[in-house]
Amino acid sequence: MRYKDYVWPHNPRIYSIGFQRVMGAAKVPFGRYLLQDLGPGQRVMEGEGEFVGEDAYAQFKKLATVFYSDGPGLLVHPIWQTSNAYFVELSLTQQPRSDYVKYSFTFWEGYDGHSTGLIVSGGTESGQTGASASTVVQEQWYTVVRGDTLWAIARRYGMSLSALVALNPQIKNPNLILVGQKVRVA
């Protein structure tokens, strides 16, 4: 599992995802009521894990440092789809020892809308007279070969994993790409 620049040395022991729909209830005369569907709420991803070994407490401190960084980040789980999430809770669930730390965590999925993937910019540059200039960014694609990962492809093209995932909304699980699959890199 990975969040922002932190990679777990092994996946957490327990991981759950909660889906929620927000409902409004209004009382009307004669004991009746009216329900209003306010849409889906944020997904809540929570779990428990353990760090074991000489560097157990050091690993927990690294995770805590990521917790204190501002803003959302890309949460990549080996089975569930990747999501843009906020790290909202991190707890020690037992007295830490130098060789064993048990912890729990909670992430809330952020919603920033959807992208069409089309990048078009245009306009008139300052000092230019006449017709307006328009630029269309040329799409560039990479074909997956055996042994590739999205992480490695992103590094090869000098971009972050989150930028590569954003360019490829057709990839639902970034840990599962297939040989011959086309990945957009620009």
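Hi everyone, thanks for coming. Some ground rules before we look around. The model is predicted, with local features needing pLDDT of at least 70 and side-chain atom pairs counting only at pLDDT 80 or more, while totals for chains, interfaces and linings use all residues. Residues are numbered from 1 along each chain as its sequence is written, and side-chain values use heavy atoms, with hydrogens and water left out.

Let's start with the whole chain. It has 3 helices and 13 strands; these are DSSP runs numbered from the N terminus, with helices being H or I of at least four residues and strands being E of at least two. Of its 186 residues, 32% count as buried. Buried here is under 20% relative accessible area, exposed is over 50%, and partly exposed is in between, with a 1.4 Å probe and protein chains only. The chain exposes about 12200 Å², and carbon and sulfur atoms supply 55% of that; the areas come from the Shrake-Rupley method with a 1.4 Å probe, and for residues only the protein chains shown count as cover. As for contacts, meaning heavy atoms within 4.5 Å, residues 24 or more positions apart account for 61% of those with a separation of 6 or more.

Now to helix H1, residues 56-67. Its 12 residues should span 16 Å at 1.5 Å a residue, and the end C-alpha atoms are 17 Å apart, which agrees. The expected span is 1.5 Å times one less than the number of residues. Which residues of H1 are buried? They are Ala56, Gln59, Phe60, Leu63, Ala64 and Val66. Looking down the axis of H1, you find these buried residues within an arc of 155 degrees, so they line one face of the helix. That arc is taken from the directions from the helix axis to the C-beta atoms.

Tyr68 is exposed, at a relative accessible area of 67%. Its C-alpha atom is separated by 8.6 Å from that of Phe87, 19 residues apart along the chain.

On to charges. How many salt bridges does the structure hold? There are 7, each being a side-chain nitrogen of Lys or Arg within 4 Å of a carboxyl oxygen of Asp or Glu. I'll show you three of them.

One is Arg13 with Glu48, at 3.3 Å from N to O. Arg13 is in the loop between S2 and strand S3 (14-18) and Glu48 is in strand S6, so this pair ties together parts 35 residues apart in sequence. Both partners are partly exposed: Arg13 at 46% and Glu48 at 28%.

Next, Arg43 and Glu109 have their closest N and O atoms 2.9 Å apart. Arg43 is in the loop between S5 and S6 and Glu109 in strand S9, 66 residues apart, and the pair links these distant parts of the chain. Arg43 is buried at 10% relative accessibility, whereas Glu109 is partly exposed at 24%.

Then there is Glu139 with Arg184, at 3.9 Å between the closest N and O atoms. Glu139 is in the loop between strand S11 (133-136) and strand S12 (141-143), and Arg184 is in strand S13 (residues 182-184), so the pair ties together parts 45 residues apart in sequence. Here Glu139 is partly exposed at 39%, while Arg184 is buried at 4%. Going back to Arg13 for a second, salt bridges with shared partners join Arg13, Glu48 and Glu50 into one network.

Is Leu167 buried or exposed? Leu167 is buried, with a relative accessible area of 18%. The C-alpha atoms of Leu167 and Arg184 are separated by 6.2 Å. Leaving aside neighbours within four places in sequence, Leu167 is in contact with Met159, Arg184, Val185 and Ala186.

One last stop: Lys4, in the loop between S1 and S2. Lys4 is not a glycine, but has a positive phi of about 50 degrees. Lys4 is partly exposed at 24% relative accessibility. Thanks, and over to you!
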